Amino acid sequence: MKYYLTTPLYYVNAAPHIGHTYTTMAAETIARFKRMQGYDAVMFTGTDEHGQKVERAAEATGKSPQEFADVISAEFRKQWEKLNIRVDRTMRTTDPRHHRKVQWLFARCLENGYIYKGGYTGQYCVYDELYVNEAGPGDPCPECGRPTETVTEENYFFKLSAFADRLLELYEKQPDFIQPETRRNEVMSFVRAGLNDLSISRTTLKWGIPLPVEGKHVFYVWFDALIGYMSAVDGEDLWPADLHLIGKEIVRFHAVFWPAFCMAAAVEPPRHVFAHGWLLFENDKMSKSRGNIVRSEPIRQVMGADALRYFLLREIVFGQDGSFSYDALVSRYNSDLANGLGNLASRTLAMIHQYRGDVVPPGSEPEIAALATGTIALVQASFDRFEFSKGLEAVWALISRVDKFIVEQAPWKLARDNGEQAQTQLDTTLYTAAEALRVVTALLSPVLPQSAPRIWAQLGMAEPIESVRFATLAWGGLPPGQKIGEVSGVFPRIELKEAVAKMRELEEQSTAEQAALLGKAPAASPEPAAPTGAPKISIDDFSKVDLRVGRVVFAENVKGSDKLIHMKVDIGEPEPRTLVAGIAEAYAPADLLHRKVVIVANLQPRKLRGIESNGMIVAASVEGGKPVLAGFHEDIPIGARLK
Ligand code: MSP
């Protein structure tokens with residue numbers, strides 16, 4: 001039986017970060033879990049490469065949208081490979097096979113009478129790539145709060161209004177079509193409030209798939225992107241998708257627009273949409289403007305990909321918002337993976353090696369056997385409902401129980417007693433611990449795809465761990481007499497402070513690498529930054545930036561960083577501002593002291609190396625060069641505003 005599941009097609013306007021990893025790791029865990037249930041699971045992830053957002057991001061770097069999309073989509077692919085994420089199907093929306101599918105689906109909607117030509121004057125949010133019918137000129141987007149832009153266009157419209165009843169019927173008949181419940185309620189009230197028709201073409205944009213009917217129109221990016229789920233499996237027997245896994249902010253597109261497009265084209269809609277919550281960083285929303293975007297690569301390098309996957313699925317209740325922090329990651333790694341699972345594996349295998357010459361003895365303790373049997377069922381039931389944290393909690397309850405059992409039995413004492421009873425008890429203890437370890441390892445294999453096979457091999461299991469199925473996973477599967485493999489530690493303890501510092505350092509480096517990758521200055525031009533590509537802003541936009549003259553009254557290097565300087569800058573307020581600036585490679589703290597500088601005084605605060613930075617120092621920079629601070633030839637009082 002097939003099980004086709006998808007992540008969103010990620011925008012290629014910026015490089016991948018831990019938020020994308022969260023969805024993709026969760027999806028791939030589900031794929032592995034479904035395989036354990038006997039399904040032929042097929043996992044899809046892809047990239048959404050058209051639209052204004054991507055076009056503008058490319059423009060700002062001087063690259064063509066296609067060149068830009070090539071670079072970023074390759075970053076996504078590399079990322080998944082490094083994180084042991086097996087991708088079975090993929091699609092880039094710039095692929096001609098996808099273009100054909102989009103045109104095909106459009107033609108079907110047209111034939112069936114659900115497309116008409118009309119005019120649209122209204123607001124558009126580029127960030128969300130969303131028409132905001134209810135907003136007036138200058139109003140913010142109700143989704144993200146960013147200013148909307150007025151667009152006046154002749155468009156092709158999709159008759160979304162015709163689908164309200166059929167959509168409500170779908171939600172009623174298939175109560176688990178949208179999960180979790182909160183999202184379902186949200187969507188149902190949105191649809192009940194009435195649906196407006198949806199503009200699905202744009203003439204003010206070039207970066208898109210042309211409509212088959214009129215060359216100057218390109219498809220609205222969401223009409224285009226959603227069809228990616230289908231074009232990726234074109235000609236295969238995989239549609240409808242069994243699950244679209246998404247973040248909660250795009251539920252409307254998936255649970256309202258997408259099934260309506262499918263219905264209009266007389267194609268089966270997907271079976272389930274699950275919208276998980278937001279991953280926050282230290283309880284804050286991650287965003288470019290806050291400068292607190294976390295990448296997965298530094299974490300992988302220091303902690304390993306399994307540690308990250310385990311953390312994300314164990315720490316956060318899937319469906320709800322949750323927070324990531326480096327400290328919490330390392331703490332959980334040490335308590336659960338190093339002290340819990342790693343310790344159980346190494347002590348159990350070491351004892352079999354030492355007391356039984358690497359051969360698994362016979363014997364089984366009924367209470368632990370019963371608990372393990374219950375745990376298998378509980379994990380299966382929890383993962384089936386995407387309650388990963390609950391399932392993992394149950395696995396660790398079993399690990400703790402086995403640990404306690406080993407302490408109670410004190411095999412090291414039994415080993416010194418040559419009596420038959422003691423030796424039988426030692427056999428039973430060792431078998432029970434090893435069999436529990438086998439069950440635990442099998443259950444964790446979707447979450448620890450790199451480490452579980454290593455423990456499996458150390459247990460001497462002949463069948464590959466990928467072929468374990470729930471139907472046959474039962475207590476007693478470890479054959480007595482089996483020779484264990486070579487024993488080596490799987491999760492060494494990690495020193496918290498050191499690991500966190502290392503991840504932060506790598507994160508800083510990776511931010512610089514990302515900037516270079518995106519070619520922030522036009523690659524072809526050796527001239528320093530002529531900002532030709534930057535989008536025009538109004539004077540009102542500019543006046544939102546509070547630029548002030550200030551004087552540096554304190555400066556020191558941030559400990560453990562080659563790049564950062566901690567400063568206090570007097571801008572005429574009662575207290576000097578604390579700032580952290582990445583200028584240590586260009587300036588020594590002593591050179592900064594008493595110097596007049598320009599700062600952006602109303603930037604969102606941002607924590608760097610534990611110091612809250614309240615503003616940004618203005619400097620000019622050229623690609624590959626060092627920053628040069630802005631300053632004045634004439635004298636100017638502290639606190640003066642630049643406008
Ligand atoms: N291109 C659209 C999706 C089109 S699907 C037909 C898009 N792309 S995106 O790059 O913005 O990706 C959004 C998705 O990335 C979220 O829905 C979620 O799956 C994941 N996440 C990105 N940041 C995230 C968090 N901070 N937290 C949780 N998920 C995050 O929207």
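**Domains, sheets and a helix**

The area buried between domain 1 and domain 2 comes to about 1,900 Å², with carbon and sulfur atoms giving 66% of that area. Please keep in mind that this is a predicted model.

Me: Which residues of domain 1 lose the most area to domain 2?

Reply: Happy to start there. On the domain 1 side, three residues together account for 34% of what that side buries. They are Phe33, Met36 and Thr61.

Me: How many residues of domain 2 are in contact with domain 1?

Reply: The chain is divided into domain 1 (2–276), domain 2 (326–522) and domain 3 (540–629). Taken over C-alpha atoms, the centres of domain 1 and domain 2 are separated by 39 Å. Domain 1 brings 22 residues to the contact, and the number from domain 2 is 21.

Me: How far apart are the closest N and O atoms in the salt bridge of lysine 34?

Reply: The rule finds one salt bridge across the interface of domain 1 and domain 2. Lysine 34 forms a salt bridge with aspartate 384. The cut-off for such a pair is 4 Å, and here the closest N and O atoms lie 3.2 Å apart.

Me: Why is one side of β5 and of β8 left without a neighbour in the sheet?

Reply: Their sheet is open, with four strands in the order β5-β4-β6-β8 and antiparallel pairing. β5 (130–132) and β8 (198–199) stand at its edges, so one side of each has no neighbour, because each has a single partner strand.

Me: What is the angle between the direction of helix α9 and that of β6?

Reply: Helix α9 (residues 251–264) packs on the sheet and touches β5, β6 (149–158) and β8. Its direction and that of β6 make an angle of about 35°.

Me: Which residue in β12 is the bridge partner of isoleucine 178?

Reply: Another open sheet has six strands in the order β3-β2-β1-β11-β12-β7, with parallel pairing. β7 (178–179) is one of the edge strands, and two bridges join β7 to β12 (residues 273–276). The bridge partner of isoleucine 178 is valine 273.

Me: What residue follows α14, and what is its phi?

Reply: Alanine 410 comes after α14. The phi of alanine 410 is positive, near 45°.

Note on methods: Residues are numbered from 1 along each chain as its sequence is written. This is a predicted model: local features need pLDDT of at least 70, side-chain atom pairs count only at pLDDT 80 or more; totals for chains, interfaces and linings use all residues. Side-chain values use heavy atoms; hydrogens and water are left out. Two strands pair if DSSP finds at least two bridges between them. Contact means heavy atoms within 4.5 Å. Axes are lines fitted to C-alpha atoms, for helices over the stretch in contact, and angles run from 0 to 180 degrees between N-to-C directions. Domain bounds come from an automatic or database domain assignment. Buried area is the accessible area (1.4 Å probe) that two parts lose on being put together, summed over both. A salt bridge is a side-chain nitrogen of Lys or Arg within 4 Å of a carboxyl oxygen of Asp or Glu.
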